[in-house]
Amino acid sequence: MPLTHTPSTALSATTAQSSGMTRAAALSAASAHLNASLMTAQPHSASAVHHHGAQDTVVYARSGHGAIVTEGGRKTQPMAPGDFALIPAWEEHQEVNNGEEEVVWAIVRTGREAVVVNLGRWGESLKGEE
């Protein structure tokens, strides 16, 4: 497989979305095993509670100060520029930006294309029942 390059001007917002944020696909269907995107959250916003099915997700905080909320809303992991996080497959979570500045994260997931399963509330879906 040859090198695949996506310029920042060619990112696509036609990927699966959650309210409160914008996901822009960078490398979708370029590999059988990985996909990458850029997530932008405006100040004072939060995504829907969601998970990514069987896909593990690596998050790299590029700019801004946000957080990943897990464990049914009981645990908040702050994310500062330069931080990394691993969100395991099926982990219900929510991205939150309570600050005054935009938050931008680079996202890499297992799987050819991103899977986003938006939930109405915490605990709405059980692991493996998609």
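**Before you click**

This is a predicted model, so to speak of local features pLDDT must be at least 70 and side-chain atom pairs count only at pLDDT 80 or more, while totals for chains, interfaces and linings use all residues. Residues are numbered from 1 along each chain as its sequence is written, and side-chain values use heavy atoms, with hydrogens and water left out.

**Stop 1: the whole chain**

Show the protein chain as a cartoon. You'll find eleven strands and zero helices (both are DSSP runs numbered from the N terminus: helices are H or I with at least four residues, strands are E with at least two). The radius of gyration, taken over C-alpha atoms, is 14 Å, close to the 14 Å from the globule rule (2.2 Å times the number of residues to the power 0.38), so the chain is as compact as a globular protein of 130 residues. Its C-alpha atoms fill a box of roughly 45 × 35 × 25 Å along the principal axes.

**Stop 2: the five-stranded sheet**

Now pick out strands S1, S2, S10, S5 and S8. In that order they form an open sheet with antiparallel pairing (two strands pair if DSSP finds at least two bridges between them). At the edges, pairing on one side only, are S1 (22-27) and S8 (84-87). Strands of a sheet pair through backbone hydrogen bonds, either parallel or antiparallel.

**Stop 3: S5 next to S8**

Select residues 57-63, which are strand S5; this strand and S8 pair in the antiparallel sense over four bridges.

**Stop 4: His52**

Go to the loop between strand S4 (50-51) and S5, where His52 sits. Is His52 buried or exposed? It counts as buried, because its relative accessibility is 3% (buried means under 20% relative accessible area, exposed over 50%, partly exposed in between, with a 1.4 Å probe and protein chains only).

Show its side chain along with those of His50 and His93. The His52 side chain makes a polar contact with the His50 side chain at 3.4 Å, and another with the His93 side chain at 3.3 Å (a polar contact is a pair of N or O atoms within 3.5 Å; within protein, one must be able to donate a hydrogen and the other to accept it, and residues adjacent in sequence count only if both atoms are side-chain atoms).

Leaving out residues up to four places away in sequence, His52 touches Arg23, Thr57, His93, Arg109, Val115 and Val116 (contact means heavy atoms within 4.5 Å).
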